[in-house]
Amino acid sequence: MNHSAIAYMIDDSPAHPEQDGNMETPRRLIVGISGATGAIFGVRLLQMLQKTGVETHLIVSRWGARTLLHETQYTLEQVQAMATTFYAPQDQGAAISSGSFLTDGMVLCPCSVRSVAAIAHGHGDNLLHRAADVVLKERRKLVLVVRETPLSDIHLENMLKLSRVGVVIFPPVPAFYTQPQSIDDIVEQSVTRILDQFGIHAASGKRWQGVLSAAGVPARKPLTVKSRR
């Protein structure tokens with residue numbers, strides 16, 4: 001895939017009206033990669049964010065690094081180089097460990113159910129979970145790209161608890177209306193939707209336009225549904 005061919009649009013509204021000294025605070029997004037399967041989602045997220053001008057602050061957990069090597073062709077060093085700044089998972093003194101460091105929020109992509117449980121119960125035992133806890137206490141946006149199936153009652157209860165305090169639970173469920181031709185197509189569609197949550201909109205011909213197709217031939221006009229009155 002040629003990532004340079006993708007155009008991006010970011011909302012014009014400032015993310016932070018606050019000023020840091022005499023400098024306006026730049027848009028910043030914390031990106032976490034946990035040990036859940038689906039490391040490619042985190043990689044593609046970083047690749048797409050490189051085109052936006054948004055600062056990315058990356059944390060890869062110990063098991064996230066292991067899964068990355070198992071599932072993808074990328075090394076940890078290569079993925080870290082895609083971010084503006086990266087931190088060791090045990091660096092509790094990092095900038096993103098404090099609420100005074102202004103960010104637009106955080107996306108944990110992919111997110112393990114262990115991380116869901118730790119965040120739901122306030123266990124900030126590493127920087128990944130501490131950064132998420134900071135985002136919650138500062139009332140910023142937190143998106144968890146949860147990768148697990150099937151889900152137990154415990155998993156669902158933890159996600160419900162987080163959803164009730166404003167966390168976006170975002171399982172990367174593929175959309176087949178885009179007629180994906182590859183795994184890359186499926187990953188890109190999910191990551192595009194994840195970025196939408198932060199007002200970062202990737203131009204894509206795969207967005208739903210209300211037009212159905214049959215046997216690969218697009219319909220001439222959007223499908224309309226008549227209401228019964």
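The model is predicted: local features need pLDDT of at least 70 and side-chain atom pairs pLDDT 80 or more, while totals for chains, interfaces and linings use all residues. Residues are numbered from 1 along each chain as its sequence is written, and side-chain values use heavy atoms, leaving out hydrogens and water. The chain contains seven helices and 12 strands; these are DSSP runs numbered from the N terminus, with helices (H or I) of at least four residues and strands (E) of at least two.

**Overall composition**

- Of the 229 residues in the chain, 46% are buried.
- Among contacts between residues at least 6 apart in sequence, 76% join residues at least 24 apart; a contact here means heavy atoms within 4.5 Å.

- The buried residues of helix 4 are Val113, Ser115, Val116, Ala118, Ile119 and Ala120.
- Their cover includes strand 7, helix 5 (127-137), strand 8 and helix 6 (153-163).
- Glycine 122, with a positive phi near 70°, follows helix 4.
- Histidine 129 lies in helix 5 and is buried, at 3% relative accessibility.
- Beyond its neighbours within four places in sequence, histidine 129 contacts Arg114, Ser115, Ala118, Ile119, His123 and Gly124.

**Nonpolar cores**

- The largest nonpolar core has 32 residues, of which Leu45, Leu49, Leu58, Val79 and Val107 touch the most other members; such a core is a set of buried Ala, Val, Leu, Ile, Met, Phe, Trp, Tyr and Cys residues joined through side-chain atoms within 4.5 Å.
- Elements giving two or more residues to this core include strand 4 (28-33), strand 5 (55-60), helix 2 (62-71), strand 7 (105-111), strand 8 (141-146) and strand 10 (200-202), together with helix 1 and helix 7.
- Helix 1 provides the largest share of this core, seven residues.
- Valine 107 is in contact with Leu29, Ile30, Val31, Gly32, Leu45, Val143, Val145, Ile194 and Phe198, leaving aside its neighbours within four places in sequence.
- A second, separate core of 25 residues includes Ile59, Val116, Leu136 and Val167.

**Packing of helix 1 on helix 7**

- Helix 1 (residues 39-49) packs against helix 7 (residues 183-196) at an angle of about 65°, and their axes are 9 Å apart; axes are lines fitted to C-alpha atoms, for helices over the stretch in contact, and angles run from 0 to 180 degrees between N-to-C directions.
- The crossing of these helices is right-handed, a term for a near helix turned clockwise from the far one by less than a right angle, with anticlockwise giving left-handed.
- From helix 1, Ile40, Phe41, Arg44, Leu45, Met48 and Leu49 meet Asp184, Val187, Glu188, Ser190, Val191, Thr192, Ile194 and Leu195 of helix 7.
- The residues of this contact comprise nine nonpolar, two polar and three charged; Ala, Val, Leu, Ile, Met, Phe, Trp, Tyr, Cys and Pro count as nonpolar, Asp, Glu, Lys and Arg as charged, and the others, Gly among them, as polar.

**Cysteines**

- The structure holds zero disulfides, a disulfide being a pair of cysteine sulfur atoms within 2.5 Å.
- The sulfur of cysteine 109 has its closest cysteine sulfur in cysteine 111, 9.5 Å away, which is too far for a bond.
- Cysteine 109 is buried at 0% relative accessibility, and cysteine 111 is also buried, with a relative accessible area of 0%.

**Cis peptide bonds and positive phi values**

- Cysteine 109 and proline 110 are joined by a cis peptide bond with omega of about 0°, and proline 110 is in strand 7.
- The bond from threonine 149 to proline 150 is cis, with omega near -10°; proline 150 is in the loop between strand 8 and helix 6.
- Arginine 139, although not a glycine, has a positive phi of about 60°; this residue is in the loop between helix 5 and strand 8 and is exposed, at 71% relative accessibility.
- Glutamine 179, also not a glycine, has a positive phi of about 50°; this residue is in the loop between strand 9 (168-169) and helix 7 and is partly exposed, at 38% relative accessibility.

**Glutamine 90**

- Glutamine 90 is in the loop between strand 6 (85-87) and strand 7 and is exposed, with a relative accessible area of 55%.
- Its contacts, leaving aside neighbours within four places in sequence, are Asp125 and Asn126.

Note on methods:
Buried < 20%, exposed > 50% of the residue type's maximum accessible area, 1.4 Å probe, protein only.
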